[in-house]
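The following paragraphs lead the reader through a protein model, from its overall make-up to individual residues. Please keep the structure in view while reading.

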Amino acid sequence: MESQRTFLLIGLLLVSFLLFSEWQEEQAQSKAETSAVTQVATSPSNNDQADIPTSSEADVPVAQTQAIRSVITVTTDVLDVKIDTKGGDIVEAKLLQHAETHGSDIPYLLLGEFEGKQYISQSGLIGLNGPDASSEGRPVYSSEQKSYTLSGDELRVPLTFVDKKGVQFTKTFVFKAGQYDVALEYDVVNATENPVQVQLYTQIKRTAQDKDSIMTQTYLGTAYGTQDEPYEKYAFDEMREANLNKNTQGGYVAFIQHYFVSAWVPQKETNNTIYTSLRNNQGIIGAKGEPVNIQANSDAKLSAIYYMGPKDTDALEALHKDLDLTVDYGWLWFISQPLLVLLKFLYGILGNWGLAIIGITVIVKTILYPLTKAQYTSMAKMRALQPKMQQLKERYGDDRQKFGQATMEMYRKEKVNPMGGCFPLLLQMPIFLALFYVFLESTELRHAEFGLWLTDLSAMDPYYVLPILFGASMFLTQKLQPMTITDPMQQKMMTYMPVAFSIFFIWFPSGLVLYWLVSNIISIAQMLIIYRGMEKKGIKVRD
């Protein structure tokens, strides 16, 4: 198979892959919208208590002493968080080290209310005596301060609540410098003469929505991990069909979006039930622990960790051995992960992500050079066999079977592999797609600058310079290669291929187009070197 035909095949495969991905998302969205209409019509009205999971025992109302509801502000070097004293929920989180848009001074809003959508983190105690299980509503905690600012390595934000029976609940969030994970600590002091029972739950609540585009956003939805299932997605439409209910030791639950993730990680030694629910288009995924019995005049501690920040594989893996899988590179993860490691290494040396991309391109092309040489050698031999191929066509006419047999016999005698010209190109496709996912998933490349007009390698080229240069390099490659296609229609298709690819690549991340452009330039240089060596040996390569 000639290289020109391989370009057509690669284009078809790439377009088919992306269109199929988009079709799947559209089908899921259509199904979700249909289910949402039914959901709104049949679900009870949303209220503060409706989102709280039921305990494993019958809930008993607990009389409460309510404080005045307020919102507490917590500021660290990387987070700006708001906590509602009713329930102690994290209702807003801004990431101070990540801009909302490129070049903006506004920090990225991860959790909060925006564009009519809600995204919050909830936690509490249910069970026989859990304050969040009361029919009177969730507890309103008291706090000594309205705002807290991290000044050292650690900041503790305690919230207290005492019910009328005298049981004291202290809910403490522990923030640390430079970290996006926050520890949740519950201290329950039972100063009464009767035992009490509580049950910790942690959950994330977000308005159900679908991704915007395959070029700008990957999977958006929930995911979880158990002992038997390290990483499983559970999309909004799946929630509408059935609620998740899985038991596991440890585990985690998460909401995943483009570049960022939030996740609850219970203690690994506890037994938990992972669950989901969806009402009024509000999706919830959570983990519920086992009931804890606290004897009279004694206390107990319960804890979990909440992460809200970028998809940092090292930070995520430090919290849970499988949480880094939420940085989802798809089925090509085994290629994407090493590529990201190599990119980070080159960035550490070169100090520029664009230069790192050029460096990784040089490395890939160097590794593939033996195959590239075999490719161009095979193409040259195929070109040399064209006169004999024409003779076979004239001899067998329209008898395609005999013509095919004679052609294969000729290839065998001349020791030519017709697949030799396409294999190296096909081998590059997984690398190309793996880099595509690296640019979509890796926070390190978000808003990464190269220089001049390329201020964000994760976004499309604003002036279309790289796609145009890519088309020009593709056109030059075609001119330098031996043309073996004789069919007029295929020749015309090959002529317009550079234009089609240039238009198609307009919407790709500029860093990815940079990789492919540099790859083409290196291929042209390698081609000229290989052809010059073959011509010195008397092998005719071009007309």
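A crossing of two helices is called left-handed if the near helix is turned anticlockwise from the far one by less than a right angle, and right-handed if it is turned clockwise. This convention will be needed below for two helix pairs.

The model is predicted. Its protein chain contains 12 helices and 19 strands. Of the 543 residues in the chain, 52% count as buried.

How do helices H10 and H12 cross? H10 passes H12 in a left-handed crossing. The axes of H10, residues 465-480, and H12, residues 510-536, come within 9 Å and cross at roughly 20°. Angles under 35 degrees count as roughly parallel, and H10 and H12 are therefore roughly parallel to each other. On the side of H10, the residues making the contact include Leu466, Leu469, Phe470, Ser473 and Leu480, while H12 contributes, among them, Val513, Trp516, Leu517, Asn520 and Tyr531. By class, this contact of H10 with H12 has 15 nonpolar, 4 polar and no charged residues.

Helix H12 also meets helix H5, residues 353-367; the axes of H5 and H12 come within 9 Å and cross at roughly 40°. H5 and H12 are therefore oblique to each other. Their crossing is right-handed. In H5 the residues that meet H12 are Gly354, Ile357, Ile358, Thr361, Val362, Val364 and Lys365. Their partners in H12 include Gly511, Leu514, Tyr515, Val518 and Ile522. The contact of H5 with H12 has 8 nonpolar, 6 polar and 1 charged residues.

Attention now turns to a strand. Gln203 lies in strand E10, residues 196-207. Is this residue, Gln203, buried or exposed? With a relative accessible area of 0%, Gln203 is buried, because buried means under 20%. Leaving aside neighbours within four places in sequence, Gln203 is in contact with Asp51, Pro53, Ser121, Gln122, Trp264, Tyr275, Ile284, Ile285 and Gly286. Gln203 and Lys288 are 85 residues apart in sequence, yet their C-alpha atoms are 8.4 Å apart in space.

Two loop residues complete the tour. Most residues other than glycine have a negative phi. Asn281, which is not a glycine, has a positive phi of about 65°. Asn281 is found in the loop between strand E16 (271-279) and strand E17 (282-289). At 23% relative accessibility, Asn281 counts as partly exposed. His447, also a residue other than glycine, has a positive phi near 60°. The loop that holds His447 runs between H9 and H10.

Notes. Residues numbered from 1 in each chain as written. Predicted model: local features only at pLDDT ≥ 70, side-chain atom pairs only at ≥ 80, totals over all residues. Heavy atoms only, no water. Axes fitted to C-alpha atoms, helices over the stretch in contact; angles between N-to-C directions. Helix = DSSP H or I, 4+ residues; strand = E, 2+ residues; numbered from the N terminus. Parallel < 35°, antiparallel > 145°, perpendicular 65-115°, else oblique. Contact = heavy atoms within 4.5 Å. Nonpolar A, V, L, I, M, F, W, Y, C, P; charged D, E, K, R; others polar. Buried < 20%, exposed > 50% of the residue type's maximum accessible area, 1.4 Å probe, protein only.
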